[in-house]
Amino acid sequence: MSKIFFSGVGGSGVSAIAGFMADRGHAVAGSDRSFDKDPDHPLCTVLKAKGITIFPQDGSGIDTSYDFTVFSTAVEDNQPEFIKVKELGIPLKTRPGYLSEIVSDFRTVAVAGTSGKSTTAGMLAFLLKRLGLEPNYIGGGRVKQFRDSRNPGNALTGKSEILVIEACESDGTIVNYHPFYSIISNLDLDHNTVGKTAEMFGTLSRNTAEKVIINADDQYLKQYHFEKTVPFSVDAVSEYQAVAVEYQPFSTTFRLRDLQFRLSLPGKYNLYNALSCLTLLSEKGIELERIAGILPEFAGIERRFDIHLKNDKYLVIDDYAHNPHKIISLMESVKRIGERVCYIFQPHGFGPTKLMKQGYMEAFKKQLREGDHLILLPIYYAGGTVRSDIASEDLLQQIRAAGKSAEVMHEREKLFSRLDMWNSYVVFGARDETLADFAEEIAQRLK
């Protein structure tokens, strides 16, 4: 067993790997700047309960007793821990680099796509677990039904050789994964251009030993060649095409290969997530009849269409949507529920906001209806060295010029005096966990 130090252990991806390795018997310690600011942070409490030692992120936890260290890509190389690790000559690995090593130790399923990775990976792990197949799981999202006092919900240890991972393309290291199976859910602008991401997905498909489960409806995926593919679809004809689809406000029913299915999540985007899981499991030889009875049990991922309040008068939802594709999918699902919606969006990161600025504006111009209102919060800044050369105000002008109701709100509390103006509130954005708290406070005040 190894002794490992994780710098930036509060991040969604790093905390999942740290928890996974701790559960497998390794000695794990770590640090995070968010825990320095808030020692009672809920994730810090859970990681400690798992037996992970938490140190301040000042280098004091680093010594030569560690076999190696794993650093979040959000931790800069001028930080005390990075400098001390270099001085002491301790082996240093990045989070994605270390994940690629873990992938090689299992019969891994890599879940890729610019949207829906967390839900798809979590759903697949949940189904495998309920089917009694003892999967392992390392994800970015927190599966609600995996959460307990010692598990934030983003990792699972099982007795099988199966490992489900969320294969993020953001930093390019997805090309280092060599899984047995891959899922490619969709392709759009997110961390990189569509072309660059397509190249990475192409490499992933070539590196996949068995089959690549792919969305046959996706407008961009159809433009590229991928190897070993098994398609699924809603619109196009495919071997795994959902038919007789009915979208309810909070669920979806459909038929696949003459079997009736119900998914306890709304929207076409979640139907695609489910179809990818059903296709993969069927290709692995699992009867769809067995899955049909289990699928409705899946309750979803935290901060993915999380309902904080639903009554005859008000609806409050919190969601992780943060790129144009995800935002459009979210807003299309909300439209089925009601009128007069107040959307509250916090862009994440100055670099991503610059990259997706036009996409954001086009999404809101297309999706906002008369009676809807958009509140843009200031761009989320997680710390570190970064150029803050764009602001939420830079998105506002074009949205308003299209005749849409929108504003920038620098102080969240100002909303509370206006809660009688709309019937539904949707809070969304990535990385900042206080958005969920904000949604809950809106819900409590409306009650």
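Modeller: Rolling a probe the size of a water molecule over the atoms shows where empty space is left. Here a search of the whole structure finds one cavity of 30 Å³ or more; a cavity is a set of points, on a 1 Å grid over the protein atoms alone, where a 1.4 Å probe fits but cannot get out. This is a predicted model, in which local features need pLDDT of at least 70 and side-chain atom pairs count only at pLDDT 80 or more, while totals for chains, interfaces and linings use all residues. Residues are numbered from 1 along each chain as its sequence is written, and side-chain values use heavy atoms, with hydrogens and water left out.

Biologist: What volume does the largest cavity have?

Modeller: Its volume is about 40 Å³, where a volume is the space filled by probe spheres set on the grid points, which are joined across faces, edges and corners.

Biologist: Which residues line the largest cavity?

Modeller: Lining residues have an atom within 4 Å of a point, and here they are Ser 15, Gly 19, Phe 20, Asp 23, Leu 47, Lys 50, Asn 151, Pro 152, Asn 154 and Ala 155. Helix H1 (residues 12-23) gives the most to this lining, with four residues.

Biologist: How many residues of the lining are nonpolar, polar and charged?

Modeller: The lining divides into four nonpolar, four polar and two charged residues.

Biologist: What share of the residues in the protein is buried?

Modeller: Buried residues, those under 20% relative accessible area with a 1.4 Å probe and protein chains only, make up 57% of the 447 residues.

How values were computed
1 Å grid on protein atoms, 1.4 Å probe; cavity = no way out; pocket = protein on both sides within 12 Å on 5 of 7 lines; lining within 4 Å. Helix = DSSP H or I, 4+ residues; strand = E, 2+ residues; numbered from the N terminus. Nonpolar A, V, L, I, M, F, W, Y, C, P; charged D, E, K, R; others polar. Buried < 20%, exposed > 50% of the residue type's maximum accessible area, 1.4 Å probe, protein only.
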